[in-house]
Amino acid sequence: MTDKITYSAIQREVPLDSVSKSLLDISIANKIPHLHECGGNGVCTTCRVRILEGIQNLSPKTAFEISSSHARNWDPSIRLACQARPKGSVTLQRLIWSNGEVNNLQKELAPTGRAEERPIAILFCDLRNFTSLSSKNHNFDIAYMLNKFYTALGEPILMNNGIIYQYVGDEIIGVFGTTGGTAKKNCEDAIRAALGMQYALESLNRTDLKDIDIKLKSGIGINFGTSFIGHLGHPTHKQFSVIGDPVNVASRIQNETKATQTDILISDTVLDNVDRDTVETGKTFLNKLAGKDDPLYLHELVGFKDMDLQLELQSSMSEMLEDEEEFARIFYNKVFAIAPQVRALFRNNMTEQGRLLTHMLGGIVYSLSRPEHLKKGLAKLGRSHVQYGVKAEYYPVVKQAMIETIDEVLGECKTERTMEAWNTALDFVIDTMKGHAHA
């Protein structure tokens with residue numbers, strides 16, 4: 001009887017043809033989407049799987065697996081696919097399905113039972129006129145609208161290494177830097193998320209909410225400071241919690257967007273921790289906040305002065321991949337039109353191939369906030385493409401087809417900055433992949 005690896009969720013079996021390959025290698029070889037942000041180098045934990053059957057057929061846990069399992073309180077059935085090598089049949093379940101889930105893994109490293117002080121950036125986003133909207137619309141419409149709001153405006157938080165801390169009625173709270181990072185990076189991530197949320201809301205009003213004749217607005221406040229982070233609560237029901245004065249101040253700053261008639265306000269502590277030459281601000285206010293004795297300087301955030309690569313890529317992603325199968329179809333048609341000889345590489349189901357493509361694109365954009373992982377991931381991607389038969393001369397074809405596809409799919413929604421960002425990003429991706437695959 002031939003040994004096999006079974007993927008329970010997708011009901012797919014693949015033969016085990018080598019005991020030297022890891023579970024992740026097997027997924028990649030069989031073109032099964034499997035998150036591995038660090039490129040399978042045992043640095044992150046995104047490739048984790050739950051072993052349903054055959055755990056005795058895996059290699060022993062590595063030192064990194066043992067330390068990760070202890071730090072994150074995993075049960076014994078969880079393994080890292082990049083570290084575990086099967087020597088017999090195994091049935092598994094992939095545990096991280098989307099790039100957005102990766103950020104929530106930060107909560108696993110929060111202290112249990114007590115809180116620790118950590119410097120973080122806190123973002124409060126409030127949906128305007130929600131009370132009047134609720135009174136004028138049916139409950140089902142309100143629920144639909146809130147889900148669209150939460151999804152569209154939550155993505156920029158997740159794309160920028162943040163955690164969606166809470167949904168409170170019509171409010172979203174995001175935190176940045178819960179597991180470390182410099183003050184500069186945490187504040188820049190929060191600023192980029194806020195600007196991305198504005199783009200997302202504009203897109204939402206232009207598309208999904210157009211038919212119900214509703215236009216949403218929001219106010220965003222950002223603060224930076226040392227807060228307490230941990231899993232707190234009753235011993236039987238502890239929750240990830242962020243508490244402290246900087247959190248309360250962030251909420252008060254958001255409230256001030258109403259009085260100042262601004263979209264985004266940031267505190268002095270945020271502005272002091274970023275390069276002021278890169279950020280464009282508008283009006284400055286000296287306002288007294290509720291619960292504070294002294295007034296605080298608040299600054300209207302307008303945007304980045306120059307093209308910000310991450311923001312441009314992130315802001316185009318939702319519209320670009322709104323129909324993932326159509327995007328992939330257009331892309332591969334262009335590839336085959338430019339280089340017909342490449343078609344021979346694609347003998348398998350093109351639907352599955354399309355899913356791999358959009359999975360890869362989304363992963364790259366999400367990983368931009370963790371560049372140390374991105375470079376390792378691209379190196380692995382380049383090496384795996386050699387196994388698929390991809391030659392160095394195919395990369396210019398891929399870039400041309402991708403740029404033409406993005407241009408066509410975005411249509412009137414694209415800007416010069418958007419196309420410049422994708423050109424720059426694709427050059428970096430291709431150079432990194434090619435450098436490791438065809439050195």
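Author: This is a predicted model. Start with lysine 185, which forms a salt bridge with aspartate 189. Their closest N and O atoms are 2.7 Å apart.

Reader: Where do lysine 185 and aspartate 189 sit in helix H6, and how far apart are they in turns?
Author: Helix H6 covers residues 183-206.

Reader: Is lysine 185 buried or partly exposed?
Author: Lysine 185 counts as partly exposed, because its relative accessibility is 26%. Aspartate 189 counts as buried, at 3% relative accessibility.

Reader: Which residues are linked with them in a network?
Author: Salt bridges link Lys185, Asp189, Arg192 and Asp308 in a network.

Reader: How many salt bridges does the structure hold?
Author: The count is 21 salt bridges.

Reader: Are arginine 370 and glutamate 37 buried or exposed?
Author: Both arginine 370 and glutamate 37 are buried.

Reader: Strand E3 again. What does arginine 50 pair with?
Author: Arginine 50 forms a salt bridge with aspartate 75, with 3.3 Å between the closest N and O atoms. Arginine 50 is in strand E3, and aspartate 75 is in the loop between helix H2 (63-72) and strand E4 (78-80). They are 25 residues apart, and the pair links distant parts of the chain.

Reader: And the accessibility of arginine 50?
Author: Arginine 50 counts as partly exposed, at 26% relative accessibility. Aspartate 75 is partly exposed too, with a relative accessible area of 31%.

Reader: Switching topic. Which residues form a negative surface patch?
Author: Glu322, Asp323, Glu324 and Glu325 form one.

Reader: Where is aspartate 323 found?
Author: Aspartate 323 is in the loop between helix H9 (309-320) and helix H10 (324-338).

Reader: Why does aspartate 323 count as partly exposed?
Author: Because its relative accessibility is 47%. Exposed would need over 50%, and buried means under 20%.

Note on methods. Residues numbered from 1 in each chain as written. Predicted model: local features only at pLDDT ≥ 70, side-chain atom pairs only at ≥ 80, totals over all residues. Heavy atoms only, no water. Patch = residues over 30% accessible without salt bridge, like charges linked within 9 Å, V, L, I, M, F, W, Y side chains within 5 Å. Areas by Shrake-Rupley, 256 points an atom, 1.4 Å probe, with all protein chains shown as cover. Salt bridge = Lys/Arg side-chain N within 4 Å of Asp/Glu carboxyl O. Lys, Arg positive; Asp, Glu negative; His and termini not counted. Charge placed at Lys NZ, Arg CZ, Asp CG, Glu CD. Helix = DSSP H or I, 4+ residues; strand = E, 2+ residues; numbered from the N terminus. Buried < 20%, exposed > 50% of the residue type's maximum accessible area, 1.4 Å probe, protein only.
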